[in-house]
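User: Hi! I have a protein here that I would like to walk through with you, a few questions at a time.

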Amino acid sequence: MITPEALTRLGDVSAALVIENDPTDDARRLGDWLTEAGLALDVRRVHAGDPLPEELAEHAAVVVLGGSQDAYPEGDAAPWFPQLEALLRKAVRHRVPTLAICLGGQLLAQAHGGTVGRSAAGPEIGPGLVARRDAAERDPLWAPVPFVPDVLQYHYDEITELPLGATLLATSSRYPHQAFRLGDLAWGTQFHFECDTDQFASWIAPNRASLVEQGIDPDELIERVDGLMDDLFEVWQPFARRFADLALGRLEPPVSARATLPLLG
């Protein structure tokens, strides 16, 4: 297993820029899958003061992880979010393969004119299912994903409106914007698939009392998450490999996936 200490800044064109917004949400299994597929990881722990690059010429891909912050300025936003959103606009405009998860997906949407806010449907925590949309059949990452894949959820906020020109790839009844694509090479998800049981349990630990108040048994929840790990691997490890293949030029997006890029930034 890759430890945070092993995810060092390598600075070559086969490296993915991995932006860690929160010390509790590192790349975990996704980091393993990407390095196994040939991508080095240039991890920037911006929560600890690591700088964000101004440009992306030295990176083959961008990965933006989740965190406990709010994406929107009126919430508990982090001071580096404006710079991160500017970098995400550059990634989309210059067709740098980008994968943004949970908070990262919210920032990707917001950076391109979408909106994010506190979810009126309440928090979504634990194992869940999302439904693939028809557009996913023409998407290089999503086409092989099952129609209703297993995912993990841990969010209080949601993307309330996608950016103009975004392609919706997966949805659910309570939270319609579960996965989307911007342009042809930038993907965002509301859900998690990168974490392991220990990481999810660390998110639960400081919130056990709140979960009990919501009628959720924290120990049973962790047990359900642990039982889902093999199913998550089956779907999302190949997904991560396809992303690495795109970043390293081993896989080209189909012409039909080439959408008009947003004009922001």
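Predicted model: local features only at pLDDT ≥ 70, side-chain atom pairs only at ≥ 80, totals over all residues.

User: Which strand does V64 lie in?
Analyst: Residues are numbered from 1 along each chain as its sequence is written, and side-chain values use heavy atoms, leaving out hydrogens and water. Helices (H or I, at least four residues) and strands (E, at least two) are DSSP runs, numbered from the N terminus. V64 belongs to the strand spanning residues 61–64, which is β3.

User: Is V64 buried or exposed?
Analyst: Buried means under 20% relative accessible area, exposed over 50%, and partly exposed in between (1.4 Å probe, protein chains only). V64 has a relative accessible area of 0%, so V64 is buried.

User: Why is helix α3 largely enclosed by the rest of the structure?
Analyst: Helix α3 covers residues 103–111. Among its buried residues are L103, Q106 and A111.

User: Which residue in β12 does A179 stand opposite?
Analyst: A179 is in strand β11 (residues 179–182), where A179 and R181 point one way and F180 and L182 the other way. Strands pair if DSSP finds at least two bridges between them; four bridges join β11 to β12 (residues 186–189), and these strands run antiparallel. In β12, the residue opposite A179 is T189.
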